[in-house]
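Please have a look at the screen while I bring up the sequence and the model.

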Protein chains: 2
Amino acid sequence: MITHITLDDLEDLALGAAVLGTGGGGDPYIGKLFARAAIEEHGPVRLLSLDEVPDAVRVLTCGAMGAPTILIEKIASGDEMGLAFDTYEAHTGSKVEAVMPFEAGGVNSTIPVMIAAKRGLPLVDADGMGRAFPQLEMETFNVYGVPASPVAIADEQGNTGIIQTSSAAKAEWIARGITIRMGGQAYIANYGMDGATARRVSVPGTVSLAIGIGRTLREARENHQDMIQALIDFFATTHYEEARIVGSGKITDVSRRMENGWSVGIATIEPFGGGTPMQIRIQNENLVVEQGEDVLAIVPDLICLLDVDTAEPILTERLRYGQRVNILAVRVPPIMRTPEALAVFGPKAFGLKHEYTGLGLEA
Amino acid sequence: MITHITLDDLEDLALGAAVLGTGGGGDPYIGKLFARAAIEEHGPVRLLSLDEVPDAVRVLTCGAMGAPTILIEKIASGDEMGLAFDTYEAHTGSKVEAVMPFEAGGVNSTIPVMIAAKRGLPLVDADGMGRAFPQLEMETFNVYGVPASPVAIADEQGNTGIIQTSSAAKAEWIARGITIRMGGQAYIANYGMDGATARRVSVPGTVSLAIGIGRTLREARENHQDMIQALIDFFATTHYEEARIVGSGKITDVSRRMENGWSVGIATIEPFGGGTPMQIRIQNENLVVEQGEDVLAIVPDLICLLDVDTAEPILTERLRYGQRVNILAVRVPPIMRTPEALAVFGPKAFGLKHEYTGLGLEA
């Protein structure tokens, strides 16, 4: 049971978040640097399980918005999220009392650690995506009734905004427009809620899950064990339960472009043993892996490309010809598999024609 | 001296605002309908000259943002501006006490009349453009030091935003991004200032100027006088002073497209007497009229296309082959011709290579 996030946890957290990023979510490296600096200055961050969060505590969720490819090039000042929090607090006239990531995967795992450390606030061990997703409405918070608005937004030049919209999808749409105008990367604080609500609408334990994933991979490597098998065994102990390798091979083609502020594309993987190539569709994150007519895994289940030799998760923006990968799929927990959840971030929400069945739950 | 805007003034105001729109600014027709409904329900709007505005009165300027071509297609609810005002007041924690147009030309002449009537507030007889311009930073308010932020923005679906930026150009950039995401048309309230500041930074008398232009054209038509000459004579009595016909001819080509939320294009006019064709460059408004190497008129001076037979001003979005037009140019008043003003809305601000000399002031 992790009660505090210390400097020692950051490497594991960043590695685990990269796995939960399912190819997207932004490189946790940059967020890790900021979290490290904040913990060094302000001390460890207290981690509260959802069970421990008092009912009336005012929780604010946060993360970065933008294309992961831009995050690498546009260096943050480190003050953006503080400015977004200031903007949110000034607008609502109330102080934030706890921080929660709105996204467990990628850079958005570490940015909330940074702001929690800086503000001396506890971090809630949960999130709204249970992984990374490309859009702000793809949150269990939204699925289960928390308004996305007001949305506070800030950039590294000190520009800020507050938007109030009629729906989470509209909040995504307008915030994305602002993000594009802010240079493709901005910092968001929204989905404010009380502790009782957070307990009802969040994916539990995903901060410590990320740390556990990272720790599992690290310890298996240190002990010269099978890292992939260790990871599969670890997932079996969590509410994600089911994880497996759905394919392995060499990347033979990557087509990728910027579209509406996202990285979209297709990666083709030639199986080691030969046979029909596998294709992964990408919108910031890996959405679906297909082999001919077969769907090997599909959103919201996680699809992670892991280097065959090192088990390092490979981000979308670092995919390239010749990489040898294992394709790890992980089933999402029940709160993310309800019909109302699938309506928001299931295959149809991404324009995919396939049904979601759930890894290992196929008839 | 006009002390109130009544139902009788609205036709003249809309017609004059179309002239000041210099081809852009949006069709005043729709704003006129809203202003009419508001005055019918709430009574005439008191018009305050800048001299009459008390020093400490809190003035808020406002108008619509977006491409004029979209305004025609996207029908407003009529409540957008009230929502923008509510958003501004909630954000700043202070009540607005007087309304000022941020743009004298086009639809933005009548929208402030509507909101002033609805809120029972006086309208300040001035604006920040002295005409229409395509961008929010092209304001004498900005030129002479009033911050563009906070900017309140609202759309017909009830979505709202507040942005706070480091510069007026950045406010334009981000607000334009939001406007595009709001469907290409949104309602803006910003450049809040006190009465003493308004007196220093605004183009005086431009609401009554628009009414005067409209009245002059109407009365000349009713009396079968030369409408163009009447208009030129009227301008000579104002601080705009200089107006003249710089060319006449038939429109032989119009190329126009949407770009970054603006209508941009070129209109070609064949002179009635033959000779070198004239070309007008457009970015929502008419920016420059050229004939071969000669510049006949250029921003910020006004360039208005008036129908040869009716003297009706022709909006950019209604330009078409075969129209017979007089090209009226009008010099802007001194507050718009200073070096600091030209830096913000002179030829270079539009990417034009020519120098501004000022109509009738050529060496």
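Let me begin with a term: a salt bridge here is a side-chain nitrogen of Lys or Arg within 4 Å of a carboxyl oxygen of Asp or Glu. By that rule, a search of the whole structure, over all chains, comes up with 34 salt bridges.

Before going further, a word on where the values come from. What you see is a predicted model, in which local features need pLDDT of at least 70 and side-chain atom pairs count only at pLDDT 80 or more, while totals for chains, interfaces and linings use all residues. Residues are numbered from 1 along each chain as its sequence is written, chains are lettered from A and ligands numbered from 1 in the order in which they are written, and side-chain values use heavy atoms, with hydrogens and water left out.

One of the salt bridges pairs A:Asp55 with A:Arg199, whose closest N and O atoms are 2.1 Å apart. This pair ties together distant parts of the chain, since A:Asp55 sits in the loop between β2 (45-48) and β3 (58-66) of chain A and A:Arg199 in helix α8 of chain A, 144 residues apart.

Now to the domains of chain A. The assignment, which is an automatic or database one, gives domain 1 (4-204) and domain 2 (239-350), and the centres of these two domains of chain A, taken over C-alpha atoms, are separated by 24 Å. How many residues of domain 1 of chain A are in contact with domain 2 of chain A? There are 40 of them, in contact with 35 residues of domain 2 of chain A, where contact means heavy atoms within 4.5 Å.

Between them, domain 1 and domain 2 of chain A bury about 2900 Å², with carbon and sulfur atoms giving 66%; buried area is the accessible area, with a 1.4 Å probe, that two parts lose on being put together, summed over both. The count between these domains of chain A is 1 salt bridge, and a salt bridge of 2.7 Å, N to O, brings together the side chains of A:Asp27 and A:Arg318. By class, the side of domain 1 of chain A that touches domain 2 of chain A has 19 nonpolar, 13 polar and 8 charged residues. For those classes, Ala, Val, Leu, Ile, Met, Phe, Trp, Tyr, Cys and Pro count as nonpolar, Asp, Glu, Lys and Arg as charged, and the others, Gly among them, as polar.

Let me turn to the two chains. Chain A is superposed on chain B by a rotation of 180° with 0.0 Å of shift along its axis, at an RMSD of 0.0 Å, and the two copies are thus related as by a two-fold rotation axis. The superposition is by least squares on the C-alpha atoms of residues with pLDDT of at least 70 in both copies. The same surface serves both copies, as 100% of the contact residues of chain A recur in chain B.

The contact takes 19 residues from chain A and 20 residues from chain B, and the two chains bury about 1800 Å² between them, 48% of it on carbon and sulfur atoms. A:Asn159, A:Ile174 and A:Arg181 supply 37% of the area that chain A buries against chain B, more than any other three residues. Between chain A and chain B the count is 0 salt bridges. On the side of chain A that touches chain B, β8 (160-164) and α7 of chain A are the elements that give two or more residues, and the largest share, 8 residues, comes from α7(A).

Finally, some backbone details. A:Ser149 and A:Pro150 are joined by a cis peptide bond, with omega about -5°, and A:Pro150 is found in the loop between α6 and β7 (151-154) of chain A. In chain B, B:Tyr191 lies in strand β9 (residues 185-194), and phi of B:Tyr191 is near 50°, a positive value in a residue other than glycine.

Key. Helix = DSSP H or I, 4+ residues; strand = E, 2+ residues; numbered from the N terminus.
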